[in-house]
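This report describes selected residues of one structure and their surroundings. The sequence and the structure come first.

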Amino acid sequence: MSVLPLVFTSGWASGINAYAVVLLLGIFGVTGVSDDVPQTLQRPEVLIVAGVLFLCEAVADKIPYVDSVWDSVHTVIRPLAGAWVGALLAGQSGSLSDVAAGLVGGSTALASHAVKAGTRMAVNTSPEPFSNFVLSLAEDLGVAGIVSFAMFHPEAAAIIAAVLLVSGLVVLLFLVSRIRRFLRRRAQRREERRLASRMSEPPG
């Protein structure tokens, strides 16, 4: 079960920025920083794709409302990435079954993704754009820091990730009203666009 802390931490991080997790782990493996990184994550094509997608996320994640659209698209991608990375880590170590590791990584990624997406909805109710940038930058640095820390101290990193996950879920409960406000605004904008397109249509 020695790989379980790393699987949990990578799952939590994947729910926030899956591409950063794949890129970081791959770089740690290629550079020889860690021998625990599976060869699949070290392949050049995997690193290139992860790097390009990480740059796309780094931009989209800092733009109000665009970040929420990006999160919606990644509701499936992030948990799958967490499960995939977890299964690879388990296969590399042989100390945990691939299926169990996939379940841990995927479910943890889904939970942290829910926290991230919900928090962004709440932040998008604010009229100023700077909070999105600051929050996104903090997430990027947090993922990089904790995944790097997990390479050398997996148990301690897993504890930090667990505390952050539970804290995020608690904060999310307090942001429910703002999330509902965001969803109402989005529904209202869709209705306005629908009415505008109807009015612009030539009479039949």
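## Around Asp 61

Asp 61 touches Asp 67, Asp 71, Lys 116, Arg 120, Asn 132, Ser 136 and Glu 139, leaving out residues up to four places away in sequence; contact means heavy atoms within 4.5 Å. Asp 61 sits in the loop between helix H3 (44–60) and helix H4 (66–93). Helices are DSSP runs of H or I with at least four residues, numbered from the N terminus. Asp 61 counts as buried, at 1% relative accessibility; buried means under 20% relative accessible area, with a 1.4 Å probe and protein chains only.

The model is predicted: local features need pLDDT of at least 70, side-chain atom pairs count only at pLDDT 80 or more, and totals for chains, interfaces and linings use all residues. Residues are numbered from 1 along each chain as its sequence is written, and side-chain values use heavy atoms, with hydrogens and water left out.

## Lys 116 and its partner

One of the residues that Asp 61 touches is Lys 116, which belongs to helix H5 (residues 98–123). Lys 116 is buried too, with a relative accessible area of 3%. The side chains of Lys 116 and Glu 139 make a polar contact at 2.7 Å. A polar contact is a pair of N or O atoms within 3.5 Å; within protein, one must be able to donate a hydrogen and the other to accept it, and residues adjacent in sequence count only if both atoms are side-chain atoms.

Beyond residues up to four places away in sequence, Lys 116 touches Gly 15, Ile 16, Glu 57, Asp 61, Asp 71, Arg 78 and Glu 139.

## Leu 41 in helix H2

Leu 41 is part of helix H2 (residues 39–42) and is buried, its relative accessible area being 0%. Not counting residues up to four places away in sequence, its contacts are Val 22, Leu 25, Gly 26, Val 46, Leu 47, Trp 84 and Leu 88. Leu 41 and Leu 89 are 48 residues apart in sequence, and their C-alpha atoms are 9.8 Å apart.

## The nonpolar cores

A nonpolar core is a set of buried Ala, Val, Leu, Ile, Met, Phe, Trp, Tyr and Cys residues joined through side-chain atoms within 4.5 Å. The largest has 33 residues, and those with the most contacts inside it are Trp 12, Leu 25, Val 143 and Val 147. Helix H1 (4–30), H3, H4, H5, helix H6 (130–152) and helix H7 (154–174) each supply at least two of its residues. H1 gives the largest share, 12 residues.

Leaving aside neighbours within four places in sequence, Val 143 is in contact with Ala 13, Ile 16, Asn 17, Ala 20, Val 21 and Leu 24. Another core lies apart from the largest one and has 6 residues, among them Met 121, Ala 122, Leu 172 and Ile 179.

Technical notes:
Buried < 20%, exposed > 50% of the residue type's maximum accessible area, 1.4 Å probe, protein only.
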